[in-house]
Amino acid sequence: MRADKAKVTRLLKTARGQLDGILKMVEENQYCIDVLNQMLAAEAVLRRAEREVLRAHMEGCVAEAFERADEGEREQKIDEIIKAVEKMEHR
């Protein structure tokens, strides 16, 4: 992985902390909208981590594939990105 590991790790640990907090809220029967808001916040942090990893992939792996001028590898990288973006869109 070429993404800034410290940044991605920090974001994932933040999301993990939020999930722990959400679980506690559920166990304590907290107000539904408060739980939902925390879930949305955790999801937003995960999306930031996703964008960081995707950006690094494009700036590194994809850029290298295009520099090498290997058409098959370029097509593979493009397909990978399209599939990843489709998954991100369909949540």
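User: Which residues are buried in helix 1?

Analyst: The term buried denotes under 20% relative accessible area, exposed denotes over 50%, and partly exposed lies in between (1.4 Å probe, protein chains only). Helices (H or I, at least four residues) and strands (E, at least two) are DSSP runs, numbered from the N terminus. In helix 1, the buried residues are V8, L11, A15, Q18, I22 and M25. Helix 2 is included in what covers them. This is a predicted model, in which local features need pLDDT of at least 70, side-chain atom pairs count only at pLDDT 80 or more, and totals for chains, interfaces and linings use all residues. Residues are numbered from 1 along each chain as its sequence is written, and side-chain values use heavy atoms, with hydrogens and water left out.

User: How is the length of helix 1 to be read against its expected span?

Analyst: The expected span of a helix is 1.5 Å times one less than its number of residues. Helix 1 has 23 residues, and its first and last C-alpha atoms lie 33 Å apart, close to the 33 Å expected. For helix 3, with 19 residues, the end C-alpha atoms are 27 Å apart, which agrees with the 27 Å it should span.

User: What is found at the start of helix 1 and at the start of helix 3?

Analyst: A polar contact is a pair of N or O atoms within 3.5 Å; within protein, one must be able to donate a hydrogen and the other to accept it, and residues adjacent in sequence count only if both atoms are side-chain atoms. At the start of helix 1, a side-chain oxygen of D4 comes to within 3.1 Å of the backbone nitrogen of A6. At the start of helix 3, a side-chain oxygen of D70 reaches to within 3.1 Å of the backbone nitrogen of G72.

User: Where does N29 lie, and is N29 buried or exposed?

Analyst: N29 belongs to the loop between helix 1 (5-27) and helix 2 (32-68). Its relative accessibility is 69%, so N29 counts as exposed. The phi of N29 is near 55 degrees, a positive value in a residue other than glycine.

User: Which residues of helix 3 are buried, and what covers them?

Analyst: E73, K77 and I81 are the buried residues of helix 3. They cover an arc of only 75 degrees around the axis, so they are on the same side of helix 3; the arc is that of the directions from the helix axis to the C-beta atoms. Helix 2 is part of what covers them. The face turned away from this buried side carries the exposed residues E71, K83, K87 and E89.

User: Which residues is E73 in contact with?

Analyst: Contact means heavy atoms within 4.5 Å. Leaving aside neighbours within four places in sequence, E73 is in contact with A65 and R68. E73 has 18% relative accessibility and therefore counts as buried.

User: How does the radius of gyration of the protein stand against that of a compact globule?

Analyst: The radius of gyration is taken over C-alpha atoms, and the globule rule is 2.2 Å times the number of residues to the power 0.38. A compact globule of 91 residues would have a value near 12 Å, but the protein has 17 Å. Its C-alpha atoms fill a box of roughly 55 × 30 × 15 Å along the principal axes. The protein has three helices and zero strands, and 22% of its 91 residues count as buried.
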